[in-house]
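Please open the model in your viewer and keep the selection panel at hand. The stops below go from chain to chain contact down to single residues.

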Amino acid sequence: MTLWKCSGPCASTCKQDVLQKKKNAVLVDGVILNGPITDSKAGEKFVEEACKIIMEEIIQKADDVTEKVCEWRAPETLKKILDLEMRDTGESHQKLLQLCQDVIQYSVKTNHPRFFNQLYAGIDYYSLVARFITEALNPSVYTYEVSPVFLLVEEAVIKKMIEFIGWEEGDGIFNPGGSVSNMYAMNLARYKFCPEIKEKGLSGLPRLVLFTSEECHYSMKKAASFLGIGTENVYFVKTDERGKMIPEELEKQVQRARKEGSAPFLVCATAGTTVLGAFDPLDKIADICEKHDLWLHVDASWGGSALISRKHRRLLHGIQRADSVAWNPHKMLLAGIQCCALLVKDNSGLLKKCYSAKAAYLFQQDKFYDVSYDTGDKSIQCSRRPDAFKFWLMWKALGTTGLEERVNRALALARYLVEEIKKREGFQLLLEPEYANVCFWYIPPSLRKMEDGPEFWQKLHRVAPVVKERMMKKGSMMLGYQPNQGKVNFFRQVVISPQVSREDMDFLLDEIELLAKDL
Amino acid sequence: MAEQSDLERPAVDGAAGEEFLRAAFQVLLEEAVRKGTDVAQKVCEWKEPHELRELLDLELRSHGEPAGRLLERCRDIIRYSVKTCHPRFFNQLFSGLDHHALAGRLLTETLNTSQYTYEIAPVFVLMEEVVLAKLRELVGWNSGDGIFCPGGSISNMYAMNVARFQRFPESRQQGSRALPRLVLFASEECHYSIQKGAAFLGIGTDNVVLVRADERGKMIPEELEKEIERVKSEGAVPFFVSATSGTTVLGAFDPLGPVADVCQRHGLWLHVDAAWGGSALLSRKHRQLLAGIERADSVAWNPHKMLTVGLQCSAFLLRDDSGLLQRCHGAGAAYLFQPDKFYDVMFDTGDKTVQCGRRVDCLKLWLLWKAVGSEGLEQRVDRAFACTSYLAAEMKRRDGFQLVLEPEFINLCFWFVPPSLRGQQGCTDFGPRLGKVAPAIKERMMKEGSMMVGYQPHGTRPNFFRQIVTSPAVTRADLDFFLDEIERLGCDL
């Protein structure tokens, strides 16, 4: 429907001219411009066939435990198998499909029920559909004019997440990772503390100091360095035997920093530490922050999803007292990498003031719609993916109760595993988990009679890496191991996916026994 | 143990999920891929924000919805989204849809992994290295380092941080407060991420010196030299220059050779923000726009712009191959980068980044490259240039179109002067009146959904259009339509 009809004096000559031009072929700079140079029919066929392969090789096999989790090849071997070279000419349709097959074959199946290696796992069909739609539409979430739907979706999701944190209102943005969310929070806290830093930088200023648990995510260090604060100005607070920040120690550290003449400005508490899955005592920490007028950021990238469960949300009791929260639905809620929100309690536009640059070519003030919808200037990014959308569609599909069931089930499975570990000889829990991280040693028969002492621990330290190597070469499962706080290598089993069931937990223990029995 | 019965079977209905996926895929194929690229369809279905909110029913509730309703939602999402793949979407520095890259992206989503270690992303760790090496080769380096970042803005920030670290390695631990006042330089036409980066990194936006550009939007090397001297005389420390290869608005290319000379003379890190213009390196005919780029210390290049691979695909390339990136960013987290793994941990490249989890951005570019080869990409780049030449020539022939400047890249900046304003250049209010034309035409085109093109003011210039063609699906008919449509929508203004 044409809304404006050209009725000016030029109208009739315009039309004639146009008709004339359309008949002639045009060669410009050696390029013929008439038709497109891509064959969209062939292209669509390729997409359909590639998706068929995706469907058969990944999706349909996703919950099949008889399939391998990984098809291990050493790096140099894999380099030879995969034809990675990028050449001057293109390959045939069939060859390209074969390449897709190869990529799939040698990629780790993170949606396998026995992939326990990271803080993400499994597959959600609704999130996947949303991600497929995102790819097909290829939007960028900076302005309403270019991505109206996704901007409004992000707004709705942030609002909902804020509700679960317990704030009346607030602000937020989706970021490419929890590490980046933590950086945002650090910078925001710094900006609130001293807004001139945005223009003047840090040179010559008092030494800013921030506090975080010694169990915090390593992105705190990276953030401090990237933001120009410096890694030595991150003061690590001691944790208790359960991996939780000790509030009295925090108080001590803040006092120490004050005595040194530095400027404390931020405390980062962790709700769900990476290794142990520990939750810092937020209420007590918030008390200290209030007392000393420090910004409280809660890194709930991993543990935030417990807020959705009425049963388990008490783990984050006190979170509404935070000034900012990082929460990654792509972890426990299977939203798909990446889906990471930074939520901010302040509703006065602090986020925008801190980050905006008001670029005239993108955030024009004379647009024909309300430009307060152009939220992209709150971000450090320019183009940005619509990461909230996959979470939104999944939430629409499952409802809060569906998401809650997932969290509850994951933690129930973890509980089951813990009970089984206690029953079986050779397995030793590091600590009673309160979340989905189950940390344990497996002590092979040969070491069970050994005296507790340095030699025992040294030998035990070598068990996990060997078991890991064996499981990966077999392709039967994947779980992580690491040393932590003076303790030798132990396994960190993480339960997330709703595809996982009790028998996978039994299998886990059986398989470790099998792989380690001769060690 | 409560709920044990819940644990016996997977809690997911795989069959229903697959069915939904299949149905949704058909919807997406038809509504987004086919219709989205069809000129007979609209580029956008404009709705006011409050109206759209109502329509979409965004509220998240406690109960889920049936598959049928969800599919309807998918249709709505697609319907009201702007079709950036449409041949008449000229609004941003990206557009179009490549099917091979799309397949790569769908595959990336389904495999859903993070790029940090070889153990969980073996194929992609190796692939990323190959892709980065290829991009470096085109820059002119046969060694070096790099990583894919979530956007060119962040690539620029990486450059700033690495430059700071290289000059002052202690800054990593001690922070910037202990350093003298650091100053960086970029053209006044630079991307705003330079300012955002300076603020974010604790350098401060006041310490970003914007160097004057000439009438073609190119940084003036003599001005850069002057500013560096001035800053030094103030007792501050110049440490970083960002030259832009393909500025956002005008598509200008800073003269890299002379700029590199200045940097060399003063011992400054030279970063080239080629996020937009980097893809011209694929064209033997047009790569001279970036002559001298091999002298850079770092380069940002976003294939998701001109090469249609899909957001995001932003490479940060580093000439140094001594492990500078690792030293600058590495934290050696024991739970992820264990040194006692059973394979060579040099393949765990994730510690080079400031991210932890990171999307796989290399597959879509790699698959596209495999599909069309460097020659195919060169063809596309050349074609985009040719489209721009054609449009520029046509504009010169038509009344009312006035180029802001002769484009050297594919940003075609122009004013449309409606008949009522023609011949009135002398009037004092000509500028303001002309400035109202583009917004009005933009509103009309969006409400009709016939096409989308951006406009902006620039310096003292009133609003002008910035037309960008990147998609190889754009035909000459689309270009003619573009001109006709501007005329049609604007002739009565």
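Select chain B and chain A together: in this predicted model they bury about 16600 Å² between them, 63% of it on carbon and sulfur atoms, where buried area is the accessible area (1.4 Å probe) that two parts lose on being put together, summed over both. B:Leu60, B:Phe200 and B:Phe342, which can be picked next, supply 6% of the area that chain B buries against chain A, more than any other three residues. The contact takes in 187 residues of chain B and 185 residues of chain A, with contact meaning heavy atoms within 4.5 Å.

This is a predicted model in which local features need pLDDT of at least 70 and side-chain atom pairs count only at pLDDT 80 or more, while totals for chains, interfaces and linings use all residues. Residues are numbered from 1 along each chain as its sequence is written, chains are lettered from A and ligands numbered from 1 in the order in which they are written, and side-chain values use heavy atoms, with hydrogens and water left out.

For the charged pairs, display the side chains of A:Arg385 and B:Glu109, which meet in a salt bridge at 3.4 Å, N to O; the count between chain B and chain A is 16 salt bridges (a side-chain nitrogen of Lys or Arg within 4 Å of a carboxyl oxygen of Asp or Glu).

B:Lys305 lies in helix H11 (residues 303-306) of chain B. Is B:Lys305 buried or exposed? At 14% relative accessibility B:Lys305 counts as buried, the cut-offs being under 20% for buried, over 50% for exposed and partly exposed in between (1.4 Å probe, protein chains only). Not counting residues up to four places away in sequence, B:Lys305 touches B:Leu93, B:Phe94, B:Ala275, B:Trp276 and B:Thr470.

Finish at A:Arg424, in the loop between helix H13 (388-423) and strand S11 (427-429) of chain A, which is buried with a relative accessible area of 18%. Leaving aside neighbours within four places in sequence, A:Arg424 is in contact with A:Asp506, A:Leu509, A:Asp510 and A:Glu513.

Conventions: Helices (H or I, at least four residues) and strands (E, at least two) are DSSP runs, numbered from the N terminus.
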